Every structure is written in structure tokens, then in C-alpha cells.
Amino acid sequence: MHAESALSEMGYFHGVTGSAADTARAYDRFVGHTRWFGGENGTRLLNRIRTRL
């Protein structure tokens with residue numbers, strides 16, 4: 001699951017580097033992915049995948 005991986009990555013950066021900036025970058029990357037999949041291109045891709053399953 002993508003969300004679990006993203007949360008794990010955020011936890012890693014926070015725990016290992018102790019850097020709020022690195023944690024924020026990981027969070028922004030996750031949010032960016034979810035926004036993309038909710039947009040026109042992401043929706044088109046997901047629909048295409050669904051038709052092939």
C-alpha cells in the first residue's frame with residue numbers, strides 16, 4: 001500500500017536524520033503523488049489499468 005510506504009519513509013527520515021525538513025519533504029512527495037492520481041492524468045491512468053484487469 002502506497003500510504004503505508006510513505007508513512008514509513010516519513011518516520012525513517014524523522015527518526016534517522018531528526019530533520020523536520022527531510023520529514024516535510026517526504027510528506028510533500030506523498031501529498032504530491034496523491035494529488036497527481038486525483039487529477040486528470042492520474043485518473044486516466046487508473047481507469048486504463050482498471051479496464052485491463
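**Charge pairs and nonpolar groups**

Glu40 and Arg44 sit four residues apart in helix H3, about one turn of the helix. Helices are DSSP runs of H or I, at least four residues, numbered from the N terminus. This is a predicted model: local features need pLDDT of at least 70, side-chain atom pairs count only at pLDDT 80 or more, and totals for chains, interfaces and linings use all residues. Residues are numbered from 1 along each chain as its sequence is written, and side-chain values use heavy atoms, without hydrogens and water.

Glu40 and Arg44 form a salt bridge, with the closest N and O atoms 3.6 Å apart. The term means a side-chain nitrogen of Lys or Arg within 4 Å of a carboxyl oxygen of Asp or Glu. Glu40 is exposed at 63% relative accessible area, while Arg44 is partly exposed at 49%. Exposed means over 50%, buried under 20%, partly exposed in between (1.4 Å probe, protein chains only).

The structure holds two salt bridges. Asp22 pairs with Arg25 in the other, closest N and O atoms 2.3 Å apart. Both lie in helix H2, three residues apart, about one turn of the helix.

The largest nonpolar core has five residues: Ala6, Met10, Ala26, Phe30 and Val31. A core joins buried Ala, Val, Leu, Ile, Met, Phe, Trp, Tyr and Cys residues through side-chain atoms within 4.5 Å. Helices H1 (2-17) and H2 each give two or more residues to this core. H2 gives the largest share, three residues. Leaving aside neighbours within four places in sequence, Met10 contacts (heavy atoms within 4.5 Å) Thr23, Ala26, Tyr27 and Phe30.
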